[in-house]
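Okay, everyone, today I'd like to talk about aromatic rings and how they pair up. Have a look at this one with me.

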Amino acid sequence: MSAAFEVAERIAADSVLVAEWPLCQVRLMDDRRFPWLLLLPRRAGLEEWTELDEAELAVLAVEIKRAGEALGAVATFDKLNVGALGNIVRQMHVHVIGRSVDDAAWPGPVWGQGTRESYPDVERADLVRRLQNHLRAAR
């Protein structure tokens with residue numbers, strides 16, 4: 001019996017579920033300094049994007065595009081950053097982050113810059129709802 005997909009503990013603690021897509025679970029990073037989604041391919045034990053087959057890679061590319069479009073529909077930013085690092089959390093995940101020239105980390109990376117600022121509960125719930133509404137309308 002193969003292991004079931006589970007969200008890494010740190011990702012679960014730092015983000016909230018937005019949607020389940022064909023390949024990925026979509027999560028909002030709980031840091032109001034940056035509009036930021038995480039895409040987690042739902043494959044148990046997956047660490048590297050190179051472990052995905054070609055069909056999965058094609059789906060991942062489309063889902064990254066959809067995530068960027070969703071962020072753009074609910075937030076204003078100057079540049080869309082996409083990255084898959086995995087240096088701290090080994091579970092394969094893709095960061096899709098809206099960056100602005102006046103954000104807390106510009107022009108450097110968001111990692112290790114300042115302290116994460118969680119959304120107030122009402123603001124986070126509203127942002128998740130707006131993202132979900134955009135994703136339903138975009139189908």
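So, ring pairs join F34, W36 and W111 into a cluster. This is a predicted model, where local features need pLDDT of at least 70, side-chain atom pairs count only at pLDDT 80 or more, and totals for chains, interfaces and linings use all residues. Residues are numbered from 1 along each chain as its sequence is written, and side-chain values use heavy atoms, with hydrogens and water left out.

What counts as a pair? Rings of Phe, Tyr and Trp (its six-membered ring) pair if their centres lie within 6.5 Å; planes under 30 degrees apart are stacked, over 60 edge-to-face, and the rest tilted. That rule gives two aromatic pairs here. F34 and W36 make an edge-to-face one, 6.1 Å from centre to centre with 75 degrees between the planes. W36 and W111 are edge-to-face too, because their planes sit at 90 degrees, with the centres 6.2 Å apart.

Now, where do W36 and W111 lie? W36 is in strand 3 (residues 36-41), and W111 is in the loop between strand 5 (94-99) and helix 3 (121-137), so this pair ties together parts 75 residues apart in sequence. Helices (H or I, at least four residues) and strands (E, at least two) are DSSP runs, numbered from the N terminus.

Buried or exposed? Buried means under 20% relative accessible area, exposed over 50%, partly exposed in between (1.4 Å probe, protein chains only). F34 is buried at 0%, W36 is buried at 4%, and W111 is partly exposed at 38%.
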